[in-house]
Amino acid sequence: MRYQYIVFDVDGTLLNTEEAILQSFQKTLRDGAGIEKECSELTFCLGITGAAALNRLGIGNEEELLSQWKENLAALRDYVCVFDGMELLLKRLQAEGVHMGIVTSRSRAEYEEDFTRLGLYGYFDTVVCEEDTVNHKPEAEPLEFYMRKTGARPEEVLYIGDSIYDMECACAAKAACGLALWGAGGVKHIHADYYFPDPASVLSVLERLEAEDEGRKWLSWAMELQFIAQAGITYTKDSYDLERFERIRELSGEIMSSYTGLSGEKVTDLFCSETGFQTPKLDTRAAIIENGKILLVKEKDGRYSMPGGWVDVNKTVGENAVKETKEESGLTVVPVRVVALHDMGRHNKQLFAYGVCKVFFLCEIVEGEFEENIETVESGWFSPDELPVLSEDKNTKAQVEMCFDAYADKNWKTVFD
């Protein structure tokens, strides 16, 4: 496995503690410092030490307030729970022999109290707490301290956390980082090597990386060559280019034959021809909504759509949504929820003689701005009652409104068919 050491943050990553932390901080400020704040104004405290959070507000009597905050937090311990799917992830990693550790801004007493109570104490070999270092996240020191204790090299370490402080700590320590979207408040301006929508996706990424490390990258290369060749054969009008694309297709088959031992004829039948039972194609659409408006891109025919397109080989549907959005809108995004799986024939103008399944994602922006490209000429933000002329084979008014409904409903259940 590429990462022999997987290190976790605690609050917002392993444990769902946001409500308890914010409510206890709010009460501490109100009772101990006479400061009234909404919980939404205090989210900056998540992921850093209590002292650092108080310093950001310029508050004196730090020790007394920290003591009050700990008492208030202890009174809300019943609100703290393990995130769904986390224990299964930890068991699987433990069975694989992965070294698991913790780097947290909690004190050791706070760490031990919750982990003993919630049954997580036995999973982690090495734990770095607030008392162990002089400097804390986002500085590199906590993760560097972990690596010194374990003998891990930076390239062997993956640090998983829910905040920008965690990502900056990993980056400063030259380790890989993964953002736990299940606990993160958002992704804007948070750069990570991996964005994990749920604990199960950690295993999926690790398995894919392991396959690449074992030398199966050739399969991805062969599949991509086949994809390029087939697209070229389908769309080119130049007879010389047609010959070149047919040769690329032959090369993809030769690669498969060399590595699998199958005959060239068998590979051609299985790999280089669209024969047999016909199945639908996949199309992804990214719904990006901010301040009551959705981002749509303008195509060269003057109609608008959510960024998206056909799913490429070697891309998951989520990866494809990211790729297409970057190409068509200039934005780097992260898919956070699946809104719907729609059969095109039931919802859109059916332009093709084969089935199409459309996958709609809610996405959040990391960064970027629009750049004109070969597919789109501009982008804009539109409210539900001021939508422009839509490219209805890609998305209808009803589908755009569906995405607004999903955005407003945190308990939205994926629509299908």
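I looked up Ser391 and found it buried, because its relative accessibility is 0%. Buried here means under 20% relative accessible area, exposed over 50%, and partly exposed in between (1.4 Å probe, protein chains only). The model is predicted: local features need pLDDT of at least 70, side-chain atom pairs count only at pLDDT 80 or more, and totals for chains, interfaces and linings use all residues. Residues are numbered from 1 along each chain as its sequence is written, and side-chain values use heavy atoms, with hydrogens and water left out.

Ser391 sits in the loop between β15 (376–382) and α13 (397–408). I take helices (H or I, at least four residues) and strands (E, at least two) as DSSP runs, numbered from the N terminus. Contact means heavy atoms within 4.5 Å. With neighbours within four places in sequence left aside, Ser391 contacts Glu299, Arg303, Tyr304 and Ser305.

Next, the sheet. I read 6 strands in an open sheet, ordered β5-β4-β1-β6-β7-β8, with parallel pairing. β5 (126–128) and β8 (194–196) are the edges; each has a single partner strand, so one side of each lacks a neighbour in the sheet. The twist averages 25 degrees from one strand to the next. Axes are lines fitted to C-alpha atoms, for helices over the stretch in contact, and angles run from 0 to 180 degrees between N-to-C directions.

Strands count as paired if DSSP finds at least two bridges between them. I checked β1 (residues 5–8) against β4 (residues 99–103): they pair in the parallel sense over 4 bridges. Phe8 has Ile102 in β4 as its bridge partner.

Val127 lies in β5. I find Val127 buried, at a relative accessible area of 10%. Its C-alpha is 6.1 Å from that of Val103, 24 residues apart along the chain. Leaving aside neighbours within four places in sequence, Val127 contacts Ile102, Arg108, Tyr111 and Asp132.

Then the cores. A nonpolar core is a set of buried Ala, Val, Leu, Ile, Met, Phe, Trp, Tyr and Cys residues joined through side-chain atoms within 4.5 Å. The largest has 55 residues, and Phe8 and Phe124 have the most contacts inside it. Not counting residues up to four places away in sequence, Phe124 touches Phe8, Leu14, Leu90, Met100, Gly101, Ile102 and Phe115. A second, separate core of 25 residues includes Tyr5, Met147, Ala152 and Ala175.

Last, α7 (residues 164–172). I list Tyr165, Asp166, Met167, Cys169 and Ala170 as its buried residues. They pack against α2 (50–56), α6 (141–150), β6 (157–161) and β7 (176–180). Lys174 follows α7 with a positive phi, near 65 degrees.
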